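Good morning, colleagues. I shall take the chains in turn and then turn to the places where they touch. Please keep the structure in view as I speak.

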Amino acid sequence: MKPWILHIALIAVLATAPLWLSPYHATNLARIMVLAVFAMGYNLAFGYTGLLSLGHALLLAAGMYAAGLPAQLWGWAAGPAFIAGIAGGGLIAAALGLLALRTAGVSFMIVTLMFAQAGYLTLLYFAHVTGGEDGFAVVSSGRVLLGSDLSTDTPRFLAALTIFAIGLLASLALVRSPFGRTMVAMRENEERSRMLGYNPFTVKLAALTLSGLYAGAAGAAYALLFGYVGASFATIQYSILPMLYVLMGGAGTTLGPFLGALLMFALIEAATVLTTAHQFIVGAALVVLILFAPKGILGTIRERWLRWLP
Amino acid sequence: MAFGPFLLLALMEGLVTAAILALAASGLSLVFGVMRVVNVAHGEFYMLGAVLAWAVTTMIPGPPAMAFLAAVLIAPLLVAALAAAADGLILKRLNYDPEATIVATIGLLYILQQAALSLYGPNANPVAAPFTWRIQLPWFGYSGYKLFVVLAAILVLLALWAFMTRTRAGLVMRATQVDRTTAQAFGINVDRVYMGTFALGAGLAALAGVLIVPVQQAQYLMGHDPLLLSFIVVIIGGLGSLRGTLIAALVIGLSDGVISMFFTPTLAKILATLLVAMVLVFRPQGLFGAKA
Amino acid sequence: MTSFIHPTRRGLLMAGGAGLLAAALPGHVGAQAAPIRIGFQLHRTGIGAAYGRWYERTAQAALTAINEAGGIGGRPVELLFEDDATDPKRGSEVVDKLTQQAGCDLVMGTLFSHVVMGSAPRAAELKVPYLVCSEGYHVASGALNRWTLQPGITDVRAQISTMAPWVAANLGKKVTMVFPDYAFGHDHRDFFTAAIQAQGGEVVAQIAVPPTETSFTRYFPQIPAETAVLYHVMVGPAVLTFVKELGEFYGTGAKPALFGFVDSLEAVDTATPGLEFLEGSHFWEAHPRVKAADAGEHEDHYRAAVGVDDNGASVSDAKDVSTYSHMFSTWETLYFIKQAMEAVDYAGPADRQKLVEAMEAITDLPYGIERPQGAKRFNGKTHQVFGSQHISQVQGGKLVKVHATTIDEGLYEDAVDYTSMSF
């Protein structure tokens with residue numbers, strides 16, 4: 001019961017945030033929650049199932065374009081476009097998994113990286129449709145959900161919060177379910193779980209597809225809430241980011257992705273205030289953090305104090 | 001241009017890519033093979049090699065050849081020393097945990113990149129080649145220095161191979177790669193082996209950076225591509241196989257060159273990337289790795 | 001953590017208070033003490049960094065000049081630089097930060113077009129004027145919004161169409177184009193191809209190079225032998241490699257006439273070893289890097305203010321070459337802001353809409369210290385400015401101006417009327 005209370009309490013606190021945060025920080029929080037959904041998806045694949053992917057930018061971009069292009073080309077409203085985005089992320093993840101899951105470990109990392117790179121270049125190649133590197137600003141008619149304008153502060157925040165809350169609770173339910181334990185078994189000892197009668201390929205494919213649904217939702221949400229779709233989201237940088245969030249917050253913890261995204265955002269904000277050489281501060285902070293909490297923040301807390309943390 | 005000369009040019013370009021890649025990737029392969037560390041900052045060591053080469057050649061007066069020779073000697077040593085320090089201060093304390101070292105080397109990447117930007121600046125600065133010999137073929141001209149890069153890379157790789165197979169230090173490294181615990185039991189100082197490996201790997205990347213800089217200029221973001229390509233080469237070649245790394249570098253360099261003959265550049269890049277990915281998908285252990 | 005949650009409260013109150021005060025008092029009597037704050041979205045890191053620092057220096061120089069001359073409407077002016085890492089996502093966050101947290105009256109300065117595309121939607125949501133210095137055709141094409149303007153630099157479409165007649169008349173009519181495979185390059189591809197056809201010429205091959213590329217030689221054999229003119233444009237850190245490899249490829253053999261956009265050589269010294277083959281070739285320049293013999297009366301003043309010598313390099317380091325054909329846009333944009341703000345007696349953020357309308361009403365922008373690159377004409381409907389362009393030839397390792405176009409040569413039919421859009 002404790003985990004459920006903790007998670008619902010976090011969502012409740014976040015829901016009140018616009019009351020005590022400036023509009024600037026409330027919007028940033030919406031951004032962070034969208035990124036956290038992306039990282040939660042990454043965590044399902046990497047943190048729980050042990051799939052070290054460097055190709056998640058492809059899944060983020062899949063969701064982003066699957067939502068943004070129909071809105072742009074055929075005038076879809078935000079609701080259908082968002083669903084298309086989730087489906088896009090899941091489909092591409094399943095296709096990626098069918099090929100890449102023939103490999104494991106660092107080979108898997110490199111194969112996913114290369115497919116993502118090919119995806120990025122494909123976006124450039126079809127620039128007449130995708131807008132290429134420039135991308136496009138999503139039309140305002142595509143940013144209306146059930147009559148409310150997602151480009152305004154309150155609807156945007158509520159939409160981001162809803163997606164985040166569903167994503168968080170779903171991931172908590174998932175990792176506490178029998179399937180969640182199977183995922184962890186894959187990470188810990190694939191051979192043993194095979195002998196217990198599980199098909200590792202199917203389990204990993206399902207985990208990666210779930211991860212893709214999350215990434216797709218995040219990409220679609222970014223396109224619809226912040227109004228921009230571009231190929232830069234398919235670059236390697238956006239594959240490294242969710243890994244960084246997850247490792248900072250704690251791989252294999254349900255709240256780690258959110259904490260990591262929040263901290264990283266705060267770190268960059270704080271660093272740019274201190275110095276123009278802000279990358280230096282970010283780099284040093286990462287090194288220091290990992291030296292003192294090698295399992296990520298929540299991973300370390302769980303190890304030392306709160307053993308019940310999911 | 002006729003097909004023959006075109007192919008010749010594509011192959012020559014492919015060879016140069018392969019030579020640089022083989023150097024950078026052999027460094028990564030060592031680190032990865034012996035220490036099992038995914039060093040995300042490897043490309044930054046390459047970049048530092050190039051930037052330090054610029055610094056050394058601008059500080060040392062005299063003919064370009066002398067200044068360049070000094071850069072070839074000094075830059076990799078400085079980078080190796082820096083890497084050794086990073087190993088002792090950071091990686092060792094993380095006990096070489098695979099996940100923690102990824103975060104740590106990402107941090108290192110940020111630090112090194114920012115240091116280069118703050119101290120060296122954002123511009124791409126040229127370094128004069130040690131000689132300016134140019135080959136003029138009937139169909140196109142070609143830089144003699146690029147051919148020298150290929151030759152130099154072959155020599156360095158031969159030396160590396162001799163070091164790994166013929167010296168005690170190489171033997172110790174290979175033993176540690178095979179089984180860390182047993183190596184320790186036989187009285188090998190694993191910490192020192194790791195530090196040496198990390199320094200050697202970084203030094204090789206830096207050397208690749210020094211060799212490429214007369215062709216491609218020193219710029220603070222230049223480490224990105226070699227990092228990704230080196231990883232690909234290491235995996236395709238099969239973990240810990242120096243021969244595999246070399247052949248994979250050749251395959252990737254040449255296929256990149258040849259495929260670009262037949263398609264528009266962006267499409268060629270897409271196809272070359274997918275081709276290599278498919279090789280891995282259908283031969284996950286790499287071309288020369290043992291079956292896992 | 002505390003700095004993350006609460007840092008802006010006071011800043012916002014102060015900015016808001018200043019606005020209220022200004023609104024309450026007639027004229028700018030009461031607002032005199034409160035400075036006008038202009039946010040600058042700066043490519044301090046990332047692939048735009050070589051441009052970014054010159055944008056920063058030039059904008060600083062203009063700021064000093066404006067403040068020494070009494071500021072804007074008697075109020076002092078502040079510039080707040082914020083790094084966008086040349087990334088569209090961070091770009092939109094920076095617009096947010098400068099507007100909402102730093103309380104800037106408007107935001108300016110972006111160069112790379114994908115950052116413009118990523119940031120403009122946020123500027124429109126915040127209803128803050130967003131003045132880009134990007135030369136992309138994204139503004140005048142109608143892809144952006146009422147709040148985004150480009151008053152400091154002619155767009156690529158206009159630049160290119162003024163070049164085609166000269167290229168066809170002086171260099172040749174069979175052109176091969178080498179360009180980066182993204183929007184900036186595509187604008188070159190589309191508009192130059194059309195413009196040269198209008199001159200009776202043709203583009204015989206288009207070679208689009210992926211933006212991630214660091215080595216180019218292998219693409220050069222795709223240049224057809226019949227090519228009379230090789231039109232090249234490249235941006236990013238690999239530009240010097242590009243031109244050097246081009247030189248090696250042709251070497252002493254027969255080669256087509258070369259016509260390049262100086263983007264291929266911005267921040268690069270034309271006398272760099274390996275670039276000798278460029279001797280005699282031509283470049284588009286917006287603003288001649290090497291001071292022209294017939295340069296205008298304000299040229300010296302501008303160079304001195306920015307800290308650039310007669311060769312276009314930093315006065316403190318002759319090897320530190322500026323991005324001369326782009327950076328003037330930040331200077332001219334600041335003076336454009338000054339002109340519009342003074343026209344509406346700008347008092348604070350409540351006047352932002354009035355400010356944009358005042359900008360849209362501006363047309364003629366004569367030559368002066370406000371516009372060191374030359375006279376301009378602003379089109380309020382398309383939010384785009386038009387100026388004259390130059391062609392320079394490399395002579396003795398230096399870019400020497402040989403031709404200037406008129407403003408009228410670059411004009412084209414409006415593709416959008418932003419003034420009919422809502423705010």
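Of the 423 residues in chain C, 61% are buried, a residue being buried if 20 or more other C-beta atoms lie within 10 Å of its own, exposed if 12 or fewer, and partly exposed in between, with C-beta atoms placed from the backbone. This is a predicted model, in which local features need pLDDT of at least 70 and side-chain atom pairs count only at pLDDT 80 or more, while totals for chains, interfaces and linings use all residues. Residues are numbered from 1 along each chain as its sequence is written, and chains are lettered from A and ligands numbered from 1 in the order in which they are written.

Chain C contains eleven helices and 17 strands. Helices (H or I, at least four residues) and strands (E, at least two) are DSSP runs, numbered from the N terminus. Along the principal axes, the C-alpha atoms of chain C fill a box of roughly 75 × 45 × 45 Å. The radius of gyration of chain C is 22 Å, which agrees with the value near 22 Å for a compact globule of 423 residues; the radius is taken over C-alpha atoms, and the globule rule is 2.2 Å times the number of residues to the power 0.38. Among the contacts in chain C with a separation of 6 or more, 68% are between residues 24 or more positions apart. Two residues are in contact if their C-beta atoms, placed from the backbone, lie within 7 Å.

Let us now consider one strand of chain C. Is strand S1 (residues 36-42) of chain C mostly covered or mostly exposed? S1(C) is mostly covered, with seven of its seven residues buried. In general, the side chains of a regular strand alternate between the two faces of the sheet. On one side of S1(C) are C:Ile36, C:Ile38, C:Phe40 and C:Leu42, and on the other C:Arg37, C:Gly39 and C:Gln41; all are buried, and both faces are therefore covered.

Which strands pair with S1(C)? Seven bridges join S1(C) to strand S2 (residues 77-83) of chain C in the parallel sense, where two strands pair if DSSP finds at least two bridges between them. Within that pairing, C:Ile38 has C:Leu79 of S2(C) as its bridge partner. From S1(C) the chain passes through helix H3 (residues 49-68) of chain C to S2(C), a β-α-β crossover that is right-handed: with the strands pointing away from the viewer, the path from the first strand over the helix to the second runs clockwise. S1(C) also pairs in the parallel sense with strand S3 (residues 106-108) of chain C, over three bridges. There, C:Ile38 stands opposite C:Leu106.

A further sheet of chain C is open and has three strands in the order S13-S14-S15, with antiparallel pairing. Strand S13 (364-365) and strand S15 (384-387) of chain C stand at the edges with a single partner strand each, so one side of each has no neighbour in the sheet. Strand S14 (residues 376-379) of chain C runs antiparallel to S15(C), joined by four bridges, and C:Phe378 has C:Val385 as its bridge partner in S15(C).

I turn to chain B. Its secondary structure comes to eleven helices and two strands, in the pattern α-α-α-α-β-β-α-α-α-α-α-α-α along the sequence. Of the 292 residues of chain B, 58% count as buried. The C-alpha trace of chain B spans about 65 × 50 × 35 Å along its principal axes.

Helix H4 (residues 98-120) of chain B has 23 residues and reaches 32 Å from its first C-alpha to its last, close to the expected 33 Å, the expected span being 1.5 Å times one less than the number of residues. Of the 23 residues of H4(B), 18 are buried. After H4(B) comes B:Gly121, with a positive phi near 100 degrees.

Finally, the interfaces. Between chains B and A, the contact takes 33 residues from chain B and 35 residues from chain A. H4(B) provides the largest share of the side of chain B that touches chain A, 13 residues. That side has 23 nonpolar, six polar and four charged residues; Ala, Val, Leu, Ile, Met, Phe, Trp, Tyr, Cys and Pro count as nonpolar, Asp, Glu, Lys and Arg as charged, and the others, Gly among them, as polar.

Between chains C and B, 30 residues of chain C are in contact with 30 residues of chain B. Helix H8 (239-250) of chain C is one of the elements that supply at least two residues to the side of chain C that touches chain B, and H8(C) gives the most, with five residues.
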